[in-house]
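Trainee: I would like a close look at a single part of this model. Please take one element and describe its surroundings.

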Amino acid sequence: MLSKLNLNSPIACFVPLVAVVPIIKNVSTDLHPGGLSTLYNFFSAALFPSLNEVVLKNAISGMQTTICIAFVGWIISIINGLFLGIICSNTFIKTFENPKIIQKILKGLLAIPRGIHELIWGFFLLQIYGLTPWVAVLAISIPYSSLMARVISDQVDSLNLKAIHAMKISGIDSLKVFITVLYPKLIPIIITFGGYRLECALRGATLLGVFGLGGIGTELLLSIQSLQFREVWTSLWILGIVVFSLEKLINQFQKRVAQVRSSRSYSISFIFAITLSSIISISCLNSIDIYSSIKTIPLILPPITEFIAAITSLSLIKLIYETIVMTILAAGLAIGVPPLMAILFPSKMGSNVISIIWLILRIIPAPLIALLLLLSINPSVSVAALALGLNNMGVMGKILKENIERADHSTYAAIKKIGCNESIAWLYGKLSFQTASYLAYSFYRVDVILRETAVIGIVGGIGLGWQLQESLSSFAWAEVLVVVTSFVLLTVIGELISEKLKSNLIKHSLSANISYQ
Amino acid sequence: MTKTYIKAIIGSLVVASFFLIRGINNNWKAPSVEILKISAIPDQNPERLNRMYKTLASELRKELKVDIKYIPVTNYPAAVTAFKTKNLDLVWFGGLTGVQARLQTPGAKALVQRDIDSRFHSVFIANKKSNLPVIKDKSGLKLLKGKRFTFGSESSTSGRLMPQHFLKEAGVLITDFKGGMPGFSGSHDATLALVESGSYEVGALNEQVWLSNLTAGKVDLTKVKVIWRTPPYFDYHWVVQSNLDSRFGDGFTKKLKNTFISFNKKSDTQKKILEMFGAEKFIPSYDYQYNDIEKIGREIGKIR
């Protein structure tokens, strides 16, 4: 049934907006003016960030630590992801005639690291390795490797198999075939998607500041919790400037690469990018003292009886239900609103203003958005979903805009010429070509949102995410493992569904357009 | 083409320079000498935490003649874990986290506490729109059933454990609140702000934080009021690892304890430290004082 859905009409982008209805309905009844003065204080503090020497120094050095962690974690995840992704692809299996079952198992196993949020990895690893910078680096690179692997294998499978088949028939060695066909196709994917993952890594490392590694996240979360809004803004401004410059830099790099068409030039830029990245990451390793001795602390697995007790004592069905509702609502919001905003404000000015809004939403961590919302809205699942949705909307909005900017606009120009208004021209001239890739990317985003439900406990003990925090802070390992397993299962089920939907999408769109999947 | 590369190289160098600066500004240099690593559960804003513990570290350095470093940790369980993995030597814990840390770290001991910690209180505050009366007797907490209620951090003694304990004694379970669960605002300040706004009708927080916000004029008393003050209990204390004597010389732990106890308001720095801690003086603290907290922790499920 799923494969019969037509996801290629631009209207499909707006279907997720259905989720907005219950959110607006709940939130509007729960809205109250009680927190307006606090909110006013928060926003007016934006113009007067604290310039206290200690605050500023901590924020800047925190930012540096965060960048280092993000960068090293990212480079590790790219290398692992590339390797694992290729091995998991159907194309690889067919080329080498490996048994399909191995690939199935491997793919299944890879859902585990992906199903667990960076923060949770961070906490696990902290248990094993103690307080070292490795913890943050690994916490980023483990889930990201697996995510990268998934993207790479999807992309590899969207490539044309005929060439491989033809070459194999003519008797060329499998490995050579594989490299020849894949190499020029994969590099642009790594550069575009990989560049985007670096931005994600930066956001992830910011959240990881929670683990006492002194990153900017540390400063941000503590000043949020103590409601020191001027200090919050010091960190937000620095974070905003860094994220903005990094995104611009990556964007520039991607544009240049896109202009260079021959595979030789690709190779040169690719090698250049990798070398440079390695040099930077080695200097990072130095600066976060990664060589310091690593001691492992043995973890004792709790006995079976405790697991059984955990399963019976946790109201798992309710927790899972809440998590799913929260994820769906947040995802609908995050996916549906950006195209809507773009169509409502198609002018150059409008689109620039919206871009700034997306940037702000991206850099403010979801827990802070939740706290701000809670100042004026009574707690409910809708508020949690709204906070997560807004944060992720910032990412989706950016992706939509970049995809559209990168595309060919001749149809758009043609539609405008025949006298259609700006919005209609945008819908059929621009969005319709990006629908498939935008929605394909959305499926990955749903995963991210599912994992991020872990950081939104402030809204009233909702969902698996909150339970995980509660169990972790009680050091109840059996419960932690039960909850983590539920997360992983949800991720796997989500992927099975999205795979069905996506197989429909990939056919239509992605062989040439490698933008952001 | 060449231009592209030049631009790319320049851009990359700019980025790289950021890392090199980082390299110089190195926070993670491997210690060549023994360093006493102190930390604290994060219950205040980072600027204040930094000021507080850096001043304390330099004062202890002066008195004890050893290298001391303050390592910030940003959540309660991470502080417990870092103590357990011996990344931290001396940590300012709350009642519950201190017990969790000692149970997971063989040999660790409670060292000193503030004068106020031996008789610590939480307060329940309510938004005036909720029309809740001042509660005279513990059993009056029953009135909170069906209200929107928030705790502070999950692991907080004064913001969660003890309030939940007294609620339980009054026959109120956490599932009795509106929405089937209480909120967890993450901090005492956030609890205050959320109750003041009315999003949560009632909340429980650390009395010391309530009072200091009150003196600083940050509370809008037309919107929020105290409805109940809990009976006293033991809270915050410094917990030490057991290996300090072997690392810093015989009698070091005792010397450390005496240094804290000797802090007084005659010295300017010590006066500042005591003020930041909100204490008149530090007094000895003993493991047994936290037996009740451990029992309650087990009942509520925060200690396994």
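**Helix 5 of chain B and its surroundings**

The buried residues of helix 5 of chain B pack against helix 4, strand 6 (122–127), strand 7 (149–151), helix 6 (188–197), strand 9 (202–206) and helix 11 of chain B. Helices (H or I, at least four residues) and strands (E, at least two) are DSSP runs, numbered from the N terminus. The model is predicted: local features need pLDDT of at least 70, side-chain atom pairs count only at pLDDT 80 or more, and totals for chains, interfaces and linings use all residues. Residues are numbered from 1 along each chain as its sequence is written, while chains are lettered from A and ligands numbered from 1 in the order in which they are written.

Helix 5 of chain B (residues 157–169) is largely enclosed by the rest of the structure, because 11 of its 13 residues are buried. Buried means that 20 or more other C-beta atoms, placed from the backbone, lie within 10 Å of the residue's own. Among the buried residues are Arg160(B), His165(B) and Phe166(B). Just after helix 5 of chain B, Gly171(B) takes a positive phi of about 85°.

Chain B is divided into domain 1 (35–117 + 235–300) and domain 2 (121–229), with bounds from an automatic or database domain assignment. Between these domains, 14 residues of domain 1 of chain B are in contact with 12 residues of domain 2 of chain B; contact requires C-beta atoms, placed from the backbone, within 7 Å. On the domain 1 side, helix 3 (76–84), helix 4 (95–104) and helix 11 (291–300) of chain B each give two or more residues, and helix 11 of chain B supplies the largest share, four residues.

Methods:
Two residues are in contact if their C-beta atoms, placed from the backbone, lie within 7 Å. A residue is buried if 20 or more other C-beta atoms lie within 10 Å of its own, exposed if 12 or fewer, and partly exposed in between; C-beta atoms are placed from the backbone.
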